[in-house]
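Hi,

Here is the structure I promised to pass on.

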Amino acid sequence: NNKTQFYTVGTANHMSISAKDNKGDIILSANRDISFKTGNAGTLGGGTDRMFITSSNGSVGIGTTTPSSLFVVRAADGVMVDTATALIQNAESTAGDNFGLYVQAGTNTSDISFRVADKDNNEYMRVRGDGNVAIGTTNASEKLIVAGNISASGHLNISGITSSGDI
């Protein structure tokens with residue numbers, strides 16, 4: 001027999017919605033951040049934060065209570081071993097109706113639509129708002145700039161060849 005309870009405790013203005021025997025909790029704070037927790041063992045405010053929404057600007061954090069952007073997914077070291085931190089999966093099977101990941105951003109040369117970097121913020125690739133791509137450099141002054149060696153198999157078709165080295 002499940003029982004739903006609504007109550008506030010003390011001056012912290014917490015509202016807790018929980019199932020009997022503490023099988024699951026959602027803790028909402030009026031005019032404050034919203035925290036979704038698991039494993040709180042019946043202790044108000046206890047448990048492990050799983051998702052967090054800030055009251056200041058509505059930023060959402062999964063795996064963090066301090067999202068630095070509008071949406072942040074963070075896996076602590078050792079949490080997601082041999083698997084992806086996030087998965088975007090589209091099971092649509094109709095040809096022409098599929099988008100795996102659609103990124104829509106600014107159109108200026110100073111806008112970065114897509115960026116790949118390591119945990120220390122060393123950038124590996126960027127796609128600028130004008131569609132130019134840089135790999136191994138942040139300079140995307142042409143449609144494709146690659147800093148480093150390129151390996152290719154098959155045919156290479158080049159129109160209007162301009163070279164400063166061997167081809």
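Below is what turned up, going from the sheets to the side chains.

A word on the ground rules. This is a predicted model, where local features need pLDDT of at least 70 and side-chain atom pairs count only at pLDDT 80 or more, while totals for chains, interfaces and linings use all residues. Residues are numbered from 1 along each chain as its sequence is written, and side-chain values use heavy atoms, with hydrogens and water left out.

Sheets first. Strands here are DSSP runs of E with at least two residues, numbered from the N terminus, and two strands pair if DSSP finds at least two bridges between them. An open sheet of four strands runs in the order S8-S9-S10-S11, with mixed pairing. S8 and S11 (144–146) sit at the edges with a single partner strand each, so one side of each has no neighbour in the sheet. Neighbouring strands of this sheet are turned by 10 degrees against each other on average, direction ignored (axes are lines fitted to C-alpha atoms, and angles run from 0 to 180 degrees between N-to-C directions). S10 (residues 133–135) and S11 run parallel, joined by three bridges; Ile-135 has Val-146 in S11 as its bridge partner.

Elsewhere, S4 (residues 34–38) and S5 (residues 48–53) run antiparallel with five bridges between them, and Ser-35 is partnered by Phe-52 in S5. S5 also pairs with S6 (residues 60–62), again in the antiparallel sense, over three bridges, where Phe-52 has Gly-61 as its bridge partner. S5 and S6 make a hairpin with six residues between them, and Gly-58 in the turn has a positive phi of about 80 degrees.

What does the side chain of Thr-64 contact? Thr-64 is in the loop between S6 and S7 (71–73), and its side chain makes a polar contact of 2.9 Å with that of Arg-74. A polar atom of the Thr-64 side chain also lies 3.1 Å from the backbone nitrogen of Thr-66. (A polar contact is a pair of N or O atoms within 3.5 Å; within protein, one must be able to donate a hydrogen and the other to accept it, and residues adjacent in sequence count only if both atoms are side-chain atoms.) Thr-64 counts as buried because its relative accessibility is 9%, with buried meaning under 20% relative accessible area, exposed over 50%, and partly exposed in between (1.4 Å probe, protein chains only).

Now the charges. The structure holds four salt bridges, each a side-chain nitrogen of Lys or Arg within 4 Å of a carboxyl oxygen of Asp or Glu. Among them, Arg-115 and Glu-123 have their closest N and O atoms 2.6 Å apart. Arg-115 is partly exposed at 36%, whereas Glu-123 is buried at 16%. Glu-123 also forms a salt bridge with Arg-126 (2.6 Å, N to O), and Arg-126 is buried at 15%. Shared partners join Arg-115, Glu-123 and Arg-126 into one network. Another salt bridge links Asp-120 to Lys-119 at 3.5 Å between the closest N and O atoms; both residues are exposed.

Finally, Met-125 lies in S9 (residues 123–128) and is partly exposed at 24%. Its C-alpha atom is 9.9 Å from that of Asn-139, 14 residues apart along the chain.

Cheers
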